[in-house]
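Please look over the sequence and the 3D structure. A short report goes with them.

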Amino acid sequence: MQCVAATSGLRASTCARAQQQRKAVQAVSLRASTFSGLRLQQQIATPRAQRAAVIARAEAAPAQLDALESTVAKVVGAENAPSVVTLGFIAFWYGLNIAFNLQNKVIFNYFPYPWFVSSVHVVVGAAYCILAYLIGAKKASFERPITSEELTAIAGPASMHAIGHVAANLSFAAVAISLTHTVKTLEPAFNVVLSRLLMGTSTPLPVVGSLIPIMLGVAMASAAELTFNWTGFLTAMMSNLTFGFRAVWSKKAMSNIKNLGSTAIYAYTTLISVIICVPGIFIFERGVFAAIKEQVALKGATEFYGALLSVGLLYHLYNQFAFNTLARVTPVSHGVCNVVKRVAIIGTSVLFFGNKLTMQTKVGTAIALFGTWLYTEMSKKKPVPKVA
């Protein structure tokens with residue numbers, strides 16, 4: 001009995017020790033599991049924290065300034081320099097465009113040959129670029145030779161530039177200029193659609209909505225003495241479409257072609273446009289050469305050719321600054337700038353041609369300016385993704 005009792009006590013003691021050992025092992029396993037879980041969480045959380053830190057530093061770091069912005073930053077500060085430079089380009093664009101429109105309108109009044117005048121614009125621009133390049137001002141012209149791949153990238157938007165320019169001049173020659181300007185207020189809408197189709201860039205709906213008062217206001221302000229024919233209407237619409245392609249494709253080229261500025265891209269655009277525009281003279285306007293002799297006899301060679309030279313130079317320079325602006329903004333914003341520009345043109349027509357501001361023009365201008373403010377605010381709140 002004592003032996004049995006002893007054996008039973010030993011077994012009980014052994015069982016108790018076994019239970020204690022199992023509890024100890026479970027406790028160790030639990031601590032190990034908890035520790036492993038914490039380590040796993042840390043391993044997951046660490047990359048997230050690192051990525052968040054990198055993003056925060058990138059957002060906090062000031063954008064790298066180009067040479068012009070760095071110069072301007074000495075006066076207005078690094079934060080304001082990019083905006084000031086962009087507004088400066090827009091101001092030069094508008095001022096040169098107004099001067100161009102005034103001169104171009106005068107020429108069309110006595111010399112209605114849109115293919116020839118369009119060709120003069122780009123021929124003078126190409127001559128300007130070639131001369132600038134030869135005297136060493138490469139940054140103001142072609143900058144450097146381009147590869148065949150780069151030429152292919154520029155050729156598409158350049159052809160749209162040439163066709164759109166001719167189409168606009170054909171519209172100006174066919175109908176009252178006010179109709180052409182009214183129809184061409186649709187340009188931002190074309191840019192929205194083409195940005196989505198060609199670049200995969202979606203414009204936020206609030207931003208799209210803000211375009212409506214801009215287009216309606218400028219159309220209302222422009223729709224003064226409307227005359228209509230299908231040639232004028234369709235060529236104005238063609239100009240909208242081709243300029244939309246030009247803006248989107250040119251922006252894509254600016255993003256993809258390295259070490260070539262927007263000024264140089266427009267210089268090559270001008271050179272390609274010459275090849276497209278000039279043949280149209282011999283196909284559609286063979287009578288222009290007799291008209292040239294007539295105008296030289298009436299006005300003198302200096303006045304006539306001087307007017308063509310000046311309008312061509314103004315055309316090239318205003319488009320150069322337009323391309324400089326495009327390099328800094330989205331195609332949609334560029335279209336908005338191009339539409340709002342017509343308000344400035346209306347103002348100069350009052351100053352230089354004695355046109356009267358009607359109530360319709362005043363109301364339309366006010367709506368357009370409100371739309372421009374609204375577009376700016378919506379673009380800040382819902383920015384369009386940048387092109388990669």
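## Model and confidence

This is a predicted model, in which local features need pLDDT of at least 70, side-chain atom pairs count only at pLDDT 80 or more, and totals for chains, interfaces and linings use all residues. Residues are numbered from 1 along each chain as its sequence is written, and side-chain values use heavy atoms, without hydrogens and water.

The pLDDT (the predictor's confidence in each residue, from 0 to 100) averages 85 over the chain. At least 70 is reached by 83% of the residues. Residues 1-15 stay under 50.

## Overall make-up

The chain has 14 helices and 0 strands. These are DSSP runs, numbered from the N terminus: helices are H or I with at least four residues, strands E with at least two.

Of the 388 residues, 43% are buried, meaning under 20% relative accessible area with a 1.4 Å probe, counting protein chains only. Among contacts with a separation of 6 or more, 85% join residues 24 or more positions apart.

## Helix 4 and helix 10

Two packed helices are described by the angle and the distance between their axes. Helix 4 (residues 114-134) and helix 10 (residues 262-284) have axes that come within 8 Å and cross at roughly 145 degrees. Axes are lines fitted to C-alpha atoms over the stretch in contact, and angles run from 0 to 180 degrees between N-to-C directions.

Helix 4 brings residues including W115, F116 and C129 to this contact. Helix 10 brings L271, I281 and F284, among others.

Key
Contact = heavy atoms within 4.5 Å. Buried < 20%, exposed > 50% of the residue type's maximum accessible area, 1.4 Å probe, protein only.
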